[in-house]
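This briefing looks at a pocket and at nonpolar cores in one protein model. Please keep the sequence and the structure in view while reading.

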Amino acid sequence: MNKDLKASAPTDSEIVLGILNNSEVVLKRLYTTYFPMILQLIINNNGDEDDAKDIYQEAIIVLYNKIKGGDFELNSKLKTYIYSVCRRLWLKRLSQMNRYGGDIRDFEEHLPVEEEVESHSDRDIQFGKMESALQQLGEPCKTIMEDFYIKNRSMQEICERFGYTNADNAKTQKYKCLQRLKKLFFQQK
């Protein structure tokens, strides 16, 4: 691993693979990469650096256990996932502090987590519908959609992979597939 890679933020896949392979280097990079963001979140919401360290540690444990348990599915950037887990953990901690004299309503305007949880739930439902629509789409459309939108392959690569005469023909086919996918998606209840 070169020095530039060590200094840069690890990619989401590097982190997942690093955790699966018990890489201490990746875990250290994970800790240093996203902690400042969490520190800012906690300090801005009546916490201190020790609180931030505790919350961040708990979030990394959640991430680690989910990845190791095999039930980890990332539907956003890992940074967003970690931030979301930390926010939920901090809100839970603030709620527990409420039993000892604080008022959680003081934090609602600063930590509107309930709305975000609902929007994440709605988004998860939409992702489920999209996955179902993709499964119903059939080949070659399913692979064309995945190649273009998920794997970021160019129309030229798709053209060569599927044997179209030129990239414009591949683009036309992608458009037709996209229309079919939209129809399948919006037919679902």
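In what follows, Ala, Val, Leu, Ile, Met, Phe, Trp, Tyr, Cys and Pro count as nonpolar, Asp, Glu, Lys and Arg count as charged, and the others, Gly among them, count as polar. The model is predicted. Its largest pocket holds about 590 Å³ of space, and its largest nonpolar core has 26 residues.

**The largest pocket**

- Rolling a probe the size of a water molecule over the atoms shows where empty space is left.
- The lining of the largest pocket consists of 19 residues.
- By type, this lining divides into eleven nonpolar, three polar and five charged residues.
- Nearest the centre of the pocket lie Phe127, Met130, Glu131, Leu134 and Ile150.
- Three helices, α7 (113-137), α8 (141-150) and α10 (167-187), each supply at least two lining residues.
- With seven residues, α7 gives the most to the lining.
- The pocket lies between domain 1 (12-114) and domain 2 (119-187), because both domains give residues to its lining.

**The nonpolar cores**

- In soluble globular proteins, nonpolar side chains tend to be buried together.
- In the largest nonpolar core, the residues that touch the most other members are Ile15, Leu30, Tyr56, Leu63, Ile82 and Cys86.
- At least two residues of this core come from each of α2 (12-20), α3 (24-43), α4 (49-69) and α5 (78-98).
- Leaving out residues up to four places away in sequence, Cys86 touches Ile38, Leu41, Ile55, Tyr56 and Ala59.
- Another core, of 15 residues, lies apart from the largest one, and its members include Ala133, Cys159, Leu181 and Leu184.

Terms used
Residues are numbered from 1 along each chain as its sequence is written. This is a predicted model: local features need pLDDT of at least 70, side-chain atom pairs count only at pLDDT 80 or more; totals for chains, interfaces and linings use all residues. Side-chain values use heavy atoms; hydrogens and water are left out. On a 1 Å grid over the protein atoms alone, a cavity is a set of points where a 1.4 Å probe fits but cannot get out, and a pocket is an open set with protein on both sides within 12 Å along at least five of seven lines; lining residues have an atom within 4 Å of a point. Grid points are joined across faces, edges and corners, and a volume is the space filled by probe spheres set on the points. Helices (H or I, at least four residues) and strands (E, at least two) are DSSP runs, numbered from the N terminus. Domain bounds come from an automatic or database domain assignment. A nonpolar core is a set of buried Ala, Val, Leu, Ile, Met, Phe, Trp, Tyr and Cys residues joined through side-chain atoms within 4.5 Å. Buried means under 20% relative accessible area, exposed over 50%, partly exposed in between (1.4 Å probe, protein chains only). Contact means heavy atoms within 4.5 Å.
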